[in-house]
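Hi,

Here is the structure I promised to pass on. Have a look at it first, and then read my notes below.

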Amino acid sequence: MTSTTGTSTPRTPWIVGVSGASGTPYAAAVLRALLHAGEAVDLVVSRAARLTILDETGHPFRDAHAREDLRRWLAFGADGTPGAFDPDVSAVRHWPAGDLAAGPSSGSYPARGMLIVPASTACVAGVALGLSKDLLQRAASVTLKERRPLVVAVRETPLHGQTLRHLVSLDDAGAVVLPASPAFYAGGSTAQHLVDFVAGRALDAAGVPHKLYRRWEGELGGRTAGS
């Protein structure tokens, strides 16, 4: 895209970090919705998340085949059905988790904000303590220091005291702590509906428009048969 002055408009992506917690369908739903909204995405998949993707989809996620593997992953439905979606991943840039010289590692790199979906308790601890042991944690620290939106969709239960203290620290630092807790008032009757609700709430927190779930309108009985 070119402005009227002839200069190019800089690409300003949302950074999506995927940690090793169970819940990769949440990440897939967020990624699909961001792309559907016309947003550019920078993707960071942790080493542990690669094992989770393999376990939950039966397919690997590899640096050397990131675009191919991403397209196949995002095509999976939340119930494990392959080919449930037909994603266009051309607006996604993948950064290896071990690349600490990557664009998102610097505050001067343009980004709109970051969503960590799902966020494991280890990831939560690393970000809260500022460890920056990999690109995911470093990008989150940069997001906080630059005062950009950071949404942390923690996926663990039960939560013990230390993790709760880490979550309070993230809240104090300006992050949105968003437990991956599906709701049922939106008429969710399938696994995909429940996943989309959580993904939609994460996008709400980031200020990205979407139509992933039916919003509450203040009236009981809004759910229709078969919805």
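Predicted model: local features only at pLDDT ≥ 70, side-chain atom pairs only at ≥ 80, totals over all residues.

Before the helices, one definition: an axis here is a line fitted to C-alpha atoms, for helices over the stretch in contact, and angles run from 0 to 180 degrees between N-to-C directions. Helices (H or I, at least four residues) and strands (E, at least two) are DSSP runs, numbered from the N terminus.

Residues are numbered from 1 along each chain as its sequence is written, and side-chain values use heavy atoms, leaving out hydrogens and water.

Now the helix pair. The axes of α4 (residues 121-129) and α6 (residues 161-172) come within 9 Å and cross at roughly 50°. That makes α4 oblique to α6 (under 35 degrees is roughly parallel, over 145 roughly antiparallel, 65 to 115 roughly perpendicular, and the rest oblique). In contact terms (heavy atoms within 4.5 Å), Thr 121, Val 124, Ala 125, Val 127, Ala 128 and Leu 129 of α4 meet Thr 163, His 166, Leu 167, Ser 169 and Leu 170 of α6.

Which residues of α4 are buried? They are Cys 123, Val 124, Ala 125, Gly 126 and Val 127, where buried means under 20% relative accessible area, exposed over 50% and partly exposed in between (1.4 Å probe, protein chains only). These buried residues pack against β4, α5 (135-145), β5 and α6.

Next, the core. A nonpolar core is a set of buried Ala, Val, Leu, Ile, Met, Phe, Trp, Tyr and Cys residues joined through side-chain atoms within 4.5 Å. The largest one has 37 residues, and Leu 34, Leu 43, Leu 70, Trp 73 and Leu 115 touch the most other members. Helix α1 gives the largest share of this core, 9 residues.

Most residues other than glycine have a negative phi, and most peptide bonds are trans. Yet the bond from Val 117 to Pro 118 is cis, with omega near -10°, and Pro 118 lies in strand β4. The bond from Thr 157 to Pro 158 is also cis, with omega near -10°. Ser 132, in the loop between α4 and α5, has a positive phi near 50°.

Cheers
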